[in-house]
Amino acid sequence: MAKKKHYKSNSRGLRLNKRRKLLLVGVAAIVLVATSLILFVHNNESSSTGLCPRGRALVADGLSTDFPNPELDKFIINTLRKAGYKVDYFNGTNVNLELFSKLSNYDVIILRVHGGKAVYEHNNKRDVIVGLFTGVPWSDEYKNLMSKWLVTRATPYALPEKEYLAVLPKFFEERLEKNFCNGSVIVVGSCYTLLAPDLVVALGKRGLTRFIGWTGAASVEEVDKMLYMLIDLVFNKGYTWSQAVNEVRRALQLPNEFNSTVQEIVIKRK
């Protein structure tokens with residue numbers, strides 16, 4: 001049997017400034033319910049939802065350079081179009097900072113990207129931060145943004161010879177062009193996106209309603225099956241997102257060998 005390809009990142013996957021300042025996550029509570037988590041964020045000016053046209057979807061495949069799956073991309077795009085969405089598609093190096101800053105232009109966002117985590121020391125405590133890789137190779141031109149905790153240099157676990165530009169949670173708080181529409185959903189085919197709350201909280205503060213990702217590591221095969229099933233179940237078979245997530249867990253027999261599973265976060269305001 002061929003060895004599974006894993007694109008998780010270990011604690012060296014995201015290279016962080018040691019002078020880390022504590023993120024103000026603004027979480028009031030996380031409550032376990034059925035197949036999803038409800039995350040409450042404090043009501044403030046930045047957490048109000050934006051007004052934007054419905055029916056726009058984004059499919060962004062930053063993973064296409066290292067682990068291409070054009071048939072999956074084609075399936076997702078065609079399925080969303082048949083469901084009535086106007087779909088924008090980007091892959092490779094076009095999955096960049098400008099694209100991430102425009103995520104709130106869409107009400108359905110599908111991301112197939114590398115993901116990473118880093119463990120760092122802060123106030124004599126060990127904390128974890130997660131990030132999303134772009135498809136852009138790392139360059140020292142981004143050092144200024146790195147010093148502001150907007151981006152970082154990231155290395156895929158399975159590809160230690162490569163370095164990419166990755167966005168940190170603070171990027172979405174400060175660099176999104178506008179707030180998300182009410183009801184907007186992000187589905188992330190990437191490891192570790194729900195290992196720590198920072199990323200979801202940052203997006204929630206900008207109005208996002210629903211986030212679906214992985215609590216830990218997963219193989220490329222698992223991630224791609226998750227994306228295929230979710231899109232098929234919701235847009236072809238009429239499942240709710242919660243029902244689809246539950247079915248994915250059952251079909252893929254999650255949690256997997258990494259004790260990782262697919263989780264849905266529904267974000268509400270206090």
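Buried residues have under 20% relative accessible area, exposed residues over 50%, and partly exposed residues lie in between (1.4 Å probe, protein chains only). D232 is buried by this rule because its relative accessible area is 13%.

## Basis of the model

This is a predicted model, in which local features need pLDDT of at least 70 and side-chain atom pairs count only at pLDDT 80 or more, while totals for chains, interfaces and linings use all residues. Residues are numbered from 1 along each chain as its sequence is written, and side-chain values use heavy atoms, with hydrogens and water left out.

## Overall architecture

The protein chain holds seven helices and 13 strands; helices (H or I, at least four residues) and strands (E, at least two) are DSSP runs, numbered from the N terminus. Of its 270 residues, 58% count as buried. The chain exposes about 12,200 Å², and carbon and sulfur atoms supply 50% of that area. Accessible areas come from the Shrake-Rupley method with a 1.4 Å probe, and for residues only the protein chains shown count as cover.

Among contacts in the protein chain with a separation of 6 or more, 75% are between residues 24 or more positions apart. A contact here means heavy atoms within 4.5 Å.

## Salt bridges

Side chains of opposite charge can pair when their charged atoms come close. A salt bridge is counted when a side-chain nitrogen of Lys or Arg is within 4 Å of a carboxyl oxygen of Asp or Glu, and the count comes to 11 salt bridges.

One of them joins R112 and D61, with 3.0 Å from N to O. This pair links distant parts of the chain, 51 residues apart: R112 is in strand 6 (residues 108–112) and D61 in strand 4 (residues 56–61). Both R112 and D61 are buried. A network of salt bridges links D61, R112 and D224.

K237 and D232 form another salt bridge, with the closest N and O atoms 3.3 Å apart. K237 is exposed because its relative accessible area is 53%, whereas D232 is buried.

## Surroundings of E264

E264 forms a salt bridge with R210, the closest N and O atoms lying 2.5 Å apart. The two residues are 54 positions apart and link distant parts of the chain, with E264 in strand 13 (residues 262–269) and R210 in strand 12 (residues 210–214). R210 is buried, as is E264; the relative accessible area of E264 is 0%.

The side chain of E264 also makes a polar contact of 2.6 Å with that of S242. A polar contact is a pair of N or O atoms within 3.5 Å; within protein, one must be able to donate a hydrogen and the other to accept it, and residues adjacent in sequence count only if both atoms are side-chain atoms. The side chains of E264 and R210 likewise make a polar contact, at 2.5 Å.
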